[in-house]
Amino acid sequence: SLRSEREKAAAPAVTRDGRAVRVHANIGSPADAHAAVRNGAEGVGLFRTEFLFLDRPSAPTEDEQTAAYTEAAQALDGRPVIIRTLDIGGDKPVPYLQQGQAAEANPFLGVRGIRFCLVHEDLFVTQLRALLRAAADHPVQIMFPMVAHPGELRAARTLLEKARAQLLAEGRPCGHDVPVGIMIEVPAAVALADQLAAEADFFSIGTNDLAQYVMAADRGNSAVAALSDALHPAVLRQIQQTVEAGHAAGIHVGMCGELAGAPLAVPLLAAMNLDSLSMSGPAVPRAKEIIRSIDAAALQPLVEQVLELPDAAAVRNLLQQAAGESA
Ligand code: PEP
Ligand code: MG
């Protein structure tokens, strides 16, 4: 029946040897949140809030943002929702916000993500107030994009406290003990993962940007796609380093880049001890099936082999071979 299909889809994904890997959805709107639940997502691992700011002449107000974040959280009905603060610049320009900003020769290396928010304090505090208001009644978690070093996380946390103090002074309900995490998508953040893990409540690895920055290969340029492939061992080693640093500090390490939902990569990522994988809604059911079908401990030799390979093509070949053997 449809009901039992839905229940099966919603059940947690646990490997044959008992390791739970949470499967979350990436969303860009409250409508996507409803679809995520229908697909069996156990939460939202990435709400890309920049979509609320696109295709309109001015920024959404605090009330409009609060309504959007609350609607998404309500759709998730008690499941966790990680909402990422505005990640514009790079490949996501928002003209009305970037007026007066000098054109950049290298936007991906410029004022994007958290860098942009830290120089547009009013805009950022408005969003943080909306997030804290939505967190008053829902398990909302806040995530900062493009963090390169601890100073940015500290500065963002200071503004979060400012937003909280304002709401308290106004007598408005606001979330307390809201988990604050960061995207790991810049190689500097991997190098400093131990330091960042001491100050963040969770990590979420953004393989789309991490691959382009590790390999110095534009994620949108098909001529260098073989290099910007997140299955490159150079990227996989950074993922492993991030997981180890996060776990050494006792924090949750998830992944929300495209790699997290790639069927070929899911067994490898489960074996590499990622705590959660966040992907497009439609990819959720298959990822859960794959996780339920594998023995993560038995895949350890495969992880070690993969990390010794020289390029992404070799990794793909080996993973395809391994998937064929286990099928
Ligand atoms: C990423 O970089 O992997 C990511 C999830 O963020 P975005 O694709 O929005 O840059
Ligand atoms: Mg990114």
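The paragraphs below go from the cavities and the ligand to the open pockets.

This is a predicted model, in which local features need pLDDT of at least 70, side-chain atom pairs count only at pLDDT 80 or more, and totals for chains, interfaces and linings use all residues; side-chain values use heavy atoms, with hydrogens and water left out. Residues are numbered from 1 along each chain as its sequence is written, while chains are lettered from A and ligands numbered from 1 in the order in which they are written.

Begin with the method. Rolling a probe the size of a water molecule over the atoms shows where empty space is left. Here the search runs on a 1 Å grid over the protein atoms alone. A cavity is a set of points where a 1.4 Å probe fits but cannot get out. A pocket is an open set with protein on both sides within 12 Å along at least five of seven lines. Lining residues have an atom within 4 Å of a point. Points are joined across faces, edges and corners, and a volume is the space filled by probe spheres set on them.

The structure holds two cavities of 30 Å³ or more. The largest cavity has about 90 Å³ of space. Its lining has 13 residues, and R48, R84, E185, N208 and D209 lie nearest the centre. Strand β2 and helix α10 each give two or more residues to this lining; helices (H or I, at least four residues) and strands (E, at least two) are DSSP runs, numbered from the N terminus. By class, the lining has three nonpolar, three polar and seven charged residues. Ala, Val, Leu, Ile, Met, Phe, Trp, Tyr, Cys and Pro count as nonpolar, Asp, Glu, Lys and Arg as charged, and the others, Gly among them, as polar.

What sits in the largest cavity? Ligand 1 does, where sitting there needs more than half of a molecule's atoms within 2 Å of the grid points. Around ligand 1 are 14 residues (a heavy atom within 4 Å). R48, R84, K92, G206 and N208 come nearest. Helix α10 gives the largest share of this shell, three residues.

Look next at the polar contacts (pairs of N or O atoms within 3.5 Å). A backbone N or O atom of N208 is 2.8 Å from an oxygen atom of ligand 1. For a side-chain N or O atom of E185, the distance to a ligand 1 oxygen is 3.0 Å. A backbone N or O atom of G206 lies 3.4 Å from an oxygen of ligand 1. The protein covers 99% of the 290 Å² of accessible area that ligand 1 has on its own (Shrake-Rupley method, 1.4 Å probe).

The second largest cavity has a volume of about 60 Å³. Its lining includes H24, F202, H252 and S276. Strands β6 (202–205), β7 (252–255) and β8 (276–280) each supply at least two lining residues. Five of the lining residues are nonpolar, seven are polar and none is charged.

Turn to the open spaces. The largest pocket holds about 470 Å³. It has 19 lining residues, with P267, I294, A322, A323 and S326 nearest its centre. Helices α13 (284–293), α14 (300–307) and α15 (312–326) each give two or more residues to the lining. Of these, α15 gives the most, with four. The lining has 13 nonpolar, three polar and three charged residues.

The second largest pocket has about 190 Å³ of space. Among its 14 lining residues, N208, S228, D229, A230 and E258 are closest to the centre. Helix α10 (residues 207–215) gives the largest share, three residues. Seven lining residues are nonpolar, three polar and four charged.

How values were computed. Polar contact = N/O pair within 3.5 Å; in protein donor to acceptor, adjacent residues only side chain to side chain.
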